[in-house]
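Please read this short report with the structure open.

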Amino acid sequence: MTTKAGTLPPASEQGDATYSDAAFYHVTVTADDEQVVVGSGVALSETSADGQQTIELAIGPARDFYLAISPRYEVVSRTVGETTINSYAPAEFMAGAEDAAAFATDALRLFNERFEPYPYTELDIVATSTLALGIEYPGIIAITLHEYDPDDPVNPNVPNQIYMETTTAHEVAHQWFYNMVGNDQLDEPWLDEAVTQYATYLYYLDMYGEQAANEYKGSWNGRFSRVDNEPIPIGLPVSAYQGAEYSAIIYGRGSCSWKRSPGRWSKPLLTPSSRITSANTNGASSAPKPSANWRKRTVSAIWKICLKNGYISDQIAILDIANL
Ligand SMILES: [Zn+2]
């Protein structure tokens, strides 16, 4: 389904607010000099005059463009292959920024090996006041300030580092499942969320082994139990879920479906047929048609599992496969 600009319904209070086809973005931002401007992609040029800075940013192909601006941001950086990871947070939260950079370094390295190589030369992480634990955008991820703040944590009974690692791995995985392999996040949010949860399981498996990975998987059952394991369909639009249902079904029940049959889908998903051309120094891929076969086989494999398990109707699945 495609929604024309200007006719967008009000955003749901949970889940993603928009979805888009991939495009190239070239954005010029003017802001006061004291602001730290962090955005999708890389800065092509930066100038300053009369107390104002002007930054030219570019990214593509990408599903969206995101900016975070604050005079309080400081940054720590790491490198994975040709990609620079920049982790931004206010000065008092730089320990959390260091953690996020370290976890993102491991996640990017592992997913580069598991899936296709990450296509951009930058990946930014920004601490924000988002109500979610984290939110994915192309080339940039936002993480809630609560995961940085020991005085105001997400959960006083769980160390912030635990949340930070899971959130970072999950949002980094979205760079593949949402951005490189896109889906309609408003009408089919489970597609990228559940497979991203499974990718996060693979992160724990590769980093720490089976026991740690299984402990992480336990969180899916925990989420599903919040609606007493009620078999609410996983293939509904964001707006169809009420209250606790969204988290429980999309991240809980949806993720459990991969756990039951990973062998059936993991082979086509994890065996790319073609590779994305490495990003050039402008941050834009020189190949605007990345991995079409891989994407098609991946989404087809997901749909087949959905059909087999009765998560979606045959009618809807046939329509979507035909539209690939
Ligand atoms: Zn997610």
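**Strand E4 and its partners**

This is a predicted model. Strand E4 spans residues 52-62. Strand E1 (residues 23-32) runs antiparallel to E4, and nine bridges join the two. Within this pairing, Val27 has Leu57 of E4 as its bridge partner. Strand E3 (residues 42-49) also pairs with E4, in the antiparallel sense, over seven bridges. Here Glu46 stands opposite Ile55 in E4. E3 and E4 form a hairpin with two residues between the strands. In that hairpin, Asp50 has a positive phi near 55 degrees.

E4 also holds Pro61. The peptide bond that leads from Gly60 to Pro61 is cis, with omega near -10 degrees.

Tyr178 and Asp228 take positive phi values although neither is a glycine.

| Residue | Phi | Loop between |
|---|---|---|
| Tyr178 | about 145 degrees | helix H2 (160-174) and helix H3 (189-208) |
| Asp228 | about 55 degrees | helix H4 (210-225) and helix H5 (245-260) |

Are these residues buried or exposed? Tyr178 is buried, because 25 other C-beta atoms lie within 10 Å and the cut-off for buried is 20 or more. Asp228 is exposed, because it has 7 other C-beta atoms within 10 Å and exposed means 12 or fewer.

Technical notes:
Residues numbered from 1 in each chain as written. Predicted model: local features only at pLDDT ≥ 70, side-chain atom pairs only at ≥ 80, totals over all residues. Helix = DSSP H or I, 4+ residues; strand = E, 2+ residues; numbered from the N terminus. Pairing = 2+ DSSP bridges.
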